[in-house]
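I opened the notebook to write down what I look up in this protein. The sequence and the structure come first, then my entries.

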Amino acid sequence: MKGKKSIALHADRQGARPCFRWLQVILIALAIPFTSPGFAKSGPLDDIWIGDHEQPPINLYIARTQLTRDPADVRVQALKTWLEHVARRASVSFQLRPSSVERWQVELTQEADSCALANARLPDREQSAHWLLPVLRDSLAIVGRADDSFQGDINALLRQADGAIGAASGIYRVTLEQRGIRYIPVDDQGAIIQMIDMGRLRFGLLVGSAALSHTGPGHIRILGKIADIDFWFSCSHLMEPERVARLRQALEQGESERLRLEFLSLWARRPAP
């Protein structure tokens, strides 16, 4: 009887092991933060609160880039210094919200206390925002794998890219449509980079700063540039006019302009990835 009990107990334990292993797998999976190709990890600018904390915060949306993920990047401090000055001069506070362009376009139409740090000015967005100041100019670049064989001018590149280029919504698709170039809709720039790297796309249209953050051996390379685009500091059309006026005045003030240009000088000298 004792031997039979030992055998039965051993069998029960053996049967329980697969269940226990599955439980371990589930617990480990829950413990690992979920990330998808379309979304970058959080970084040093997520939910940073800048300015007069006695004032209700304005949600300031900023595109997720390498800048928003690297706490050691000197550009992060330069950007915060500029925004802190603007917030003090305008007697407001900002809560930084790195996010996708698609999200902030919705927020600007629905949320009175919301602004976007660098918003492309398009005809269909004109009525959804107050356009306060052109903050920076960046290029739109067609990219491919670092080992892509393309050699040629921009016209030849556009012909090859027709129907084979990934583009996120907004300025990217509008730019291609204006040139009669067919595109493959992709959620965002991060997804484009991953799809090119995996061989699922040959070409993608990115803002130049995002492209430069991922160039190098084994990554992607810029094959050609289409145009230069101004990106604006904009706020919701629902924002109180008096608050809009204070922000506009603060952004245009001399010291604010100096700090903005200081940040841009660092942005133009982006460190290699």
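Is R258 buried, partly exposed or exposed? I looked up its relative accessible area, which is 42%. Buried would need under 20% and exposed over 50%, so R258 counts as partly exposed. I note here that the model is predicted.

**Entry: helix α9**

I stayed with R258 and looked for its salt-bridge partner. R258 pairs with E255, and their closest N and O atoms are 2.7 Å apart. I found both residues in helix α9, which covers residues 254–268. They are three residues apart, about one turn of the helix. E255 is partly exposed, at 29% relative accessible area. I also noted that a network of salt bridges links E255, R258 and E262.

**Entry: other salt bridges**

I looked up how many salt bridges the structure holds, and the count is 10. One of them joins the side chains of R121 and E126, with 2.6 Å from N to O. R121 has a relative accessible area of 35% and is partly exposed. E126 is partly exposed too, at 27%. I then checked R145 and D147, whose side chains meet in a salt bridge at 3.2 Å, N to O. R145 is partly exposed at 33%, whereas D147 is exposed at 56%.

**Entry: the disulfide**

Which cysteines does the disulfide join? I found C115 and C235, with 2.1 Å from S to S. The structure holds one disulfide. A disulfide is a covalent bond between the sulfur atoms of two cysteines. The angle about the S-S bond of C115 and C235 is 95°, and the link is right-handed. C115 lies in strand β4 (residues 114–120) and C235 in strand β9 (residues 220–236), so I wrote the pair down as a link between distant parts of the chain, 120 residues apart. Both C115 and C235 are buried.

**Entry: strand β4**

I looked up the burial of β4 next. Six of its seven residues are buried, so β4 is largely enclosed by the rest of the structure. Strand β2 (residues 58–63) pairs with β4 in the parallel sense, over three bridges. Strands β4 and β9 run antiparallel and are joined by four bridges. A116 has a bridge partner on each of these strands: Y61 and, in β9, S234.

**Entry: the whole protein**

Last, I looked up the totals. The protein has nine helices and nine strands. Of its 273 residues, 42% count as buried.

Note on methods: Residues numbered from 1 in each chain as written. Predicted model: local features only at pLDDT ≥ 70, side-chain atom pairs only at ≥ 80, totals over all residues. Heavy atoms only, no water. Helix = DSSP H or I, 4+ residues; strand = E, 2+ residues; numbered from the N terminus. Buried < 20%, exposed > 50% of the residue type's maximum accessible area, 1.4 Å probe, protein only. Disulfide = S-S within 2.5 Å. Pairing = 2+ DSSP bridges. Salt bridge = Lys/Arg side-chain N within 4 Å of Asp/Glu carboxyl O.
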